[in-house]
Amino acid sequence: TDDDGTVTRFASFHHDVTDSKRRERDLERRQQRFESLHEASRQFMNAESITDVARIATDAAKHTLDFPITVLRFVDTGGEQLRPTAATAESVAEAGERPDYRVDDAAPAATVYRTGETRIYDDFDEVDDGYDRGDLRSGMYLPLEEYGVMSICDTEPAAFDETDLQTAGVLAKLAAGAV
């Protein structure tokens, strides 16, 4: 203001909190997921069969981690086939009944089982293995040690981020430990 009280300048400050709010939501999401994984670990301790383990894992993936399209496959006693042991209803609705895979097959689940390395496929249109995946476009495949593979898919390409990979990895390790 000048000597007679007239405003001659005005200052304004703007603070964009968008990034802060996004980080806050991400942290809350991570916290909720890890609390849910803790609950799943308690359920795994009471599992009495491989089918129980698969059911607990698919339920945890769907209801607590927000991965509704999940399949757990365990290797058969002959060590030749990965057989679906549990699949969410959404998995079957989006891609049909899930097939067995030969362990020596080119399918992502078979490759992950053989290598023991987690893989993310951002676009199934680039996977040439002869299998129909219906409306599924991306997938995350996690080994369950020597027991099998957990497949988590989505109808959107490139649907999974680093947080998804970390939390799904913890769930896969818990499931493998419960077998």
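How do the residues lining the largest cavity divide into nonpolar, polar and charged? The lining splits into six nonpolar, three polar and three charged residues, where Ala, Val, Leu, Ile, Met, Phe, Trp, Tyr, Cys and Pro count as nonpolar, Asp, Glu, Lys and Arg as charged, and the others, Gly among them, as polar. The model here is a predicted one, so to speak of local features takes a pLDDT of at least 70, and side-chain atom pairs count only at pLDDT 80 or more, while totals for chains, interfaces and linings use all residues. Residues are numbered from 1 along each chain as its sequence is written, and side-chain values use heavy atoms, with hydrogens and water left out.

First, the overall layout. The protein chain has five helices and six strands, arranged along the sequence as α-α-β-β-α-β-α-β-β-β-α. Helices (H or I, at least four residues) and strands (E, at least two) are DSSP runs, numbered from the N terminus. Of the chain's 179 residues, 38% are buried, meaning under 20% relative accessible area with a 1.4 Å probe, protein chains only.

Now back to the empty space. Rolling a probe the size of a water molecule over the atoms shows where such space is left. A cavity is a set of points on a 1 Å grid over the protein atoms alone where a 1.4 Å probe fits but cannot get out, and lining residues have an atom within 4 Å of a point. The count comes to one cavity of 30 Å³ or more, and the largest has a volume of about 100 Å³, a volume being the space filled by probe spheres set on the points, which are joined across faces, edges and corners. Among the lining residues are Arg73, Arg98, Arg133 and Tyr141. Strands E1 (70–75) and E6 (148–154) each supply at least two lining residues, with the largest share, three residues, coming from E1.

Strand E5 (residues 138–143) is largely enclosed by the rest of the structure, because six of its six residues are buried. In a regular strand the side chains alternate between the two faces of the sheet. Both faces of E5 are covered, with Ser138, Met140 and Leu142 buried on one side and Gly139, Tyr141 and Pro143 on the other.

E5 also has partners, where pairing takes at least two DSSP bridges between two strands. Strand E4 (residues 119–121) pairs with E5 in the antiparallel sense over three bridges, and Ile120 stands opposite Met140. E5 and E6 run antiparallel too, joined by six bridges, with Pro143 facing its bridge partner Val149 in E6. These two strands form a hairpin with four residues between them, and Glu145 in the turn has a positive phi of about 50 degrees.

Notes:
1 Å grid on protein atoms, 1.4 Å probe; cavity = no way out; pocket = protein on both sides within 12 Å on 5 of 7 lines; lining within 4 Å. Buried < 20%, exposed > 50% of the residue type's maximum accessible area, 1.4 Å probe, protein only.
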